[in-house]
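Please take the sequence and the structure that follow together, and keep both in view while reading the paragraphs below.

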Amino acid sequence: MGDIYDMFFNMDSGYLEGLVRGFKNGILNKEDYRHLTQCDTLEDLKLHLQGTGYGHFLANEPSPLTVSVIDEKLREKLVVEFEYLRNHAYKDLATFLDFIKYSYMIDNIILLITGTLHQRQLSELLPKCHPLGIFDQMETVTIANTTADLYNAILVDSPLAPFFKECISEEDLNEMNIEIIRNTLYKAYLEAFYDWCQRTGGPTADVMCEILAFEADRRSIIITINSFGTELSKEDRAKLYPRRGKLFPDGLIELSKADEYESVKRVSELYAEYRPLFDGTGNNPGDKTLEDKFFEHEVTLNVNSFMQQFQYGVFYSYVKLKEQECRNIIWIAECIAQRHRAKIDSYIPIM
Amino acid sequence: MYKIIYVVFYSIFLFVVASLGLYLLFTNQGFRFDVGNVLTNISPYAFATTGIGLAMAFSVVGAAWGIFTTGSSIMGAGVITPRIYSKNLVSIIFCEAVAIYGIIISIVMSNYLKYFDPNLLSDSMMAQNIFAGYALFGAGLTTGLSNLACGICVGIVGSGAAIADAANPNLFVKVTLLNNCINFPWLNATLGQHSKQVQATQVFYVIL
């Protein structure tokens, strides 16, 4: 009976799966990237992008083009496609796509709170929010002073309410707190997402739990490395690690005791999947950084999820791959705009 | 919550059955529990026609299942690559064929039904007619269930073929060849099974 997913998946989500796979076939490949890296100006870039699946998306922009305009328009295409998928989705797929949205909502909330702390106006901040993460109560987030306020007054009715359990406190919001809130929210979100995928079972669980476990481990490692030299205590740091990756429970205990990059590297190398990510990284010019290696591994996992049919992971993977593509194009555009072409080939190839 | 309702109903049912059985046992009326009597008194026509009906019904369900599985994938993949529509109709025709086979088998089986008068038959002849009824039931059930499975499988493979075709046109022929390979063993199973059972009935039906 383990194969019933094949028989019933297409009832609710067959059309949308076919659609997403069609979208994925339009992701830029090596040829396209080669053309893009050979462009001299942003106008050239726009011309080359017209030949790909993006079409005339920059047609109505006034010249001269800037990189931020390109960024916005690239993201808009992903948002339109995602909203179409979400509007046509039903039951399980709708829940899944909502889970994808929650991570953007968390980013938006943190952006708004940080902006308010720095005395920025709401009207300045709203255009910077990610369009996929907009929800009704978002704008009122700026009036809260403590996390308890934030929860009781505003977020209790929003979709993020279940992720707030661990972060409510009576302290005032300040710089340090906000990062902790972001990481605690994200941890609760990741654990909820992982548990939901596990409960759905079948190929969705196979594919998504792999991807989310890597995401959890990646966050634990990055949090550890970024916390060296800050005032974050080891106990506080250990509370931020999502407990769903391959590093849980032993690796996380070791990570929470780590004091420097070498000990993090030692812990991660105990796990077969993460050892090659730490080899050959460094801060010398010509080496890849650890973040780059993480991105590459994430891209590999996401491309592999398209090898399985009848599961929801393809939707998540498509969003992540499209985001990576946006980052690649913006990287190339920045290199072109600033005429600093030395590292123009440091994008992450996808297909 | 629903689990509790199921448990309650199931336990009531078990209790009733068990108490009836024990009652018969303890009042020395065990002979009343007679499976053979029930089976021989149900008319062979009932078994035979049920088999014929199941042959067609399950086949059509299997075909429909396959068609929606493959059709939704074709529609989704065809939004970005409209060229796949015409070629992938072949996958849908494969599923349709399953339903046609079911109808043909049930028409052929229904031609074997002939009239007999139970009063004019000796006991051994009646036994053979009853067996014929069971044989047609078995043949119809087998045909129907194998068509059901075949329809589902052809649908799943057809959906994979549509998606592969959208990504790379060379893949379609290879995947459709796989579809053909599903059909042939199934066809052997269905028709072979059926014809064996039908030969059994042909020997035993008596016209009066």
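Does Tyr54(A) count as buried or exposed, judged by its relative accessibility? In this predicted model, Tyr54(A) counts as buried because its relative accessibility is 6%, which lies under the 20% cut-off. A count of aromatic pairs over all chains comes to 25, and one of them joins Tyr54(A) to Phe57(A) in a tilted arrangement, with 5.2 Å from centre to centre and 35° between the planes. Phe57(A), at 15% relative accessibility, counts as buried as well. Elsewhere in chain A, Lys24(A) lies over the face of Phe306(A), at 4.9 Å from the ring centre.

A tilted aromatic pair is also formed by Trp196(A) and Tyr312(A), with centres 6.4 Å apart and planes at 40°. Trp196(A) belongs to helix H8 (residues 175–200) of chain A, whereas Tyr312(A) lies in the loop between helix H14 (290–304) and helix H15 (313–337) of that chain, so the pair ties together parts that are 116 residues apart in sequence. Both Trp196(A) and Tyr312(A) are buried, and both belong to one aromatic cluster whose members also include Phe9(A), Phe96(A), Phe163(A), Tyr189(A) and Phe310(A).

Turning to chain B, the reader will find 6 helices and 0 strands, which along the sequence give the pattern α-α-α-α-α-α. Of the 208 residues in chain B, 38% are buried, and the chain exposes about 11700 Å², of which carbon and sulfur atoms supply 75%. Among the contacts in chain B between residues at least 6 apart in sequence, 84% join residues at least 24 apart.

Ser73(B) is found in helix H3 (residues 44–80) of chain B, and Ser73(B) counts as buried because its relative accessible area is 0%. What does the side chain of Ser73(B) make a polar contact with? The partner is the side chain of Ser159(B), at 3.1 Å. When residues up to four places away in sequence are not counted, Ser73(B) touches Ser159(B), Ala162(B) and Ile163(B) in chain B, and in chain A it touches Asn10(A), Gly14(A), Gly18(A) and Gln309(A).

Technical notes: Residues are numbered from 1 along each chain as its sequence is written. Chains are lettered from A and ligands numbered from 1 in the order in which they are written. This is a predicted model: local features need pLDDT of at least 70, side-chain atom pairs count only at pLDDT 80 or more; totals for chains, interfaces and linings use all residues. Side-chain values use heavy atoms; hydrogens and water are left out. Helices (H or I, at least four residues) and strands (E, at least two) are DSSP runs, numbered from the N terminus. Buried means under 20% relative accessible area, exposed over 50%, partly exposed in between (1.4 Å probe, protein chains only). A polar contact is a pair of N or O atoms within 3.5 Å; within protein, one must be able to donate a hydrogen and the other to accept it, and residues adjacent in sequence count only if both atoms are side-chain atoms. Contact means heavy atoms within 4.5 Å. Rings of Phe, Tyr and Trp (its six-membered ring) pair if their centres lie within 6.5 Å; planes under 30 degrees apart count as stacked, over 60 as edge-to-face and the rest as tilted. A charge sits over a ring if NZ of Lys or CZ of Arg is within 6 Å of the ring centre and within 35 degrees of the ring normal. Accessible areas come from the Shrake-Rupley method with a 1.4 Å probe; for residues, only the protein chains shown count as cover.
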